[in-house]
Amino acid sequence: MWRGCHFTYLKCFLFFSLFFLIFLKDSLEVICLNITCFFNGFSLSVSLIFCFSGFTLLFLTLKILEKFKGKRIIVIGDCMLDKYIWGEVSRISPEAPVQVIDVQNESFAAGGAANVAMNCAALGSKVSMVAITGNDDSRKKLLGILGEKGVQTAGMLMEDDKPTTLKMRIMGR
């Protein structure tokens, strides 16, 4: 049932956990590490909780974030356009148990790898996006959103027979 690679992952996790515990034990704030291994339809999850001081954690986080400034980063992945439809719930449909929305507004955001690229750009990196999109309005909207945030889109290839991934969310109030 158990294979050696699962024990190897578990041993590595425990090694790094002990490393954190031994060398950073003088601090006092909570961090939870979790690892989950899947095998033969079962999962094994191990969680460890460590304590760090708030100042130490904040200092380490700021140091990591500062390293993004000015770095050249290429993000390769599945770009998508997130579309949000906002409205008021007027009633429940008689055909199915779903809400009927009176649409009031639509908004768009970069999703998937495009969201990662925008986050890196917000941290001060020089980001180039590489992805394949369709030749459609969603691509144009996505390129506009990325361009506004300073993400280079020259690596975004276009395929005529593939639509740009569009994820739609309907938000009723």
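These questions and answers concern a predicted model.

Reader: Which strands make up the open sheet of three strands, and in what order?
Author: This open sheet pairs its strands in the parallel sense. Its neighbouring strands are turned by 15 degrees against each other on average, direction ignored. The order is 3-6-7.

Reader: How many bridges join strand 6 and strand 7?
Author: The two strands pair in the parallel sense. Within this pairing, Ile132 stands opposite Leu157 of strand 7. The number of bridges between strand 6 and strand 7 is six.

Reader: At what angle does helix 4 run to strand 7?
Author: Two helices lie across strands of this sheet. Helix 3 lies across strand 3 and strand 6, at about 165 degrees to strand 6. Helix 4 lies across strand 6 and strand 7. Its angle to strand 7 is about 170 degrees.

Reader: Which element gives the largest share of the largest nonpolar core?
Author: The core has 18 residues. Cys79, Ala110, Val127, Met129, Leu142, Leu146 and Val151 touch the most other members. Strand 4, helix 3 (113-122), strand 6 (126-134) and helix 4 (137-148) each give two or more residues. The largest share, six residues, comes from helix 3.

Reader: Which residues does Ala110 contact, leaving aside its neighbours within four places in sequence?
Author: Ala110 is among the core residues that touch the most other members. Strand 5 (residues 99-112) holds its position. Its contacts beyond those neighbours are Met80, Asp82, Asn115, Met118, Leu142, Ile145 and Leu146.

Reader: In what sense do strand 4 and strand 5 pair, parallel or antiparallel?
Author: Strand 4 (residues 79-92) and strand 5 form a hairpin with six residues between them. Val89 has Ile101 of strand 5 as its bridge partner. The pairing runs over 13 bridges, and its sense is antiparallel.

Reader: Which residue of strand 8 stands opposite Lys83?
Author: Lys83 lies in strand 4. Strand 4 also pairs with strand 8 (residues 165-172), in the parallel sense over eight bridges. The residue opposite Lys83 is Met168.

Reader: Is Lys83 buried or exposed?
Author: Leaving aside neighbours within four places in sequence, Lys83 contacts Glu106, Ser107, Phe108, Leu166, Lys167, Met168 and Arg169. Its relative accessibility is 16%. The cut-off for burial is under 20%. Lys83 therefore counts as buried.

Reader: Is Arg72 buried or exposed?
Author: Arg72 lies in strand 3 (residues 72-76). Its relative accessibility is 76%, and over 50% is needed to count as exposed. Arg72 is therefore exposed.

Reader: How far apart in space are Arg72 and Cys120, C-alpha to C-alpha?
Author: In sequence the two are 48 residues apart. Cys120 is buried, with a relative accessible area of 12%, whereas Arg72 counts as exposed. In space, C-alpha to C-alpha, they are separated by 9.7 Å.

Reader: How many disulfides does the model have?
Author: Cys79 is buried at 1% relative accessibility. Cys120 is buried too, at 12%. A disulfide needs a pair of cysteine sulfur atoms within 2.5 Å. By this rule the count is zero.

Conventions: Residues are numbered from 1 along each chain as its sequence is written. This is a predicted model: local features need pLDDT of at least 70, side-chain atom pairs count only at pLDDT 80 or more; totals for chains, interfaces and linings use all residues. Side-chain values use heavy atoms; hydrogens and water are left out. Two strands pair if DSSP finds at least two bridges between them. Helices (H or I, at least four residues) and strands (E, at least two) are DSSP runs, numbered from the N terminus. A nonpolar core is a set of buried Ala, Val, Leu, Ile, Met, Phe, Trp, Tyr and Cys residues joined through side-chain atoms within 4.5 Å. Buried means under 20% relative accessible area, exposed over 50%, partly exposed in between (1.4 Å probe, protein chains only). Contact means heavy atoms within 4.5 Å. Axes are lines fitted to C-alpha atoms, for helices over the stretch in contact, and angles run from 0 to 180 degrees between N-to-C directions.
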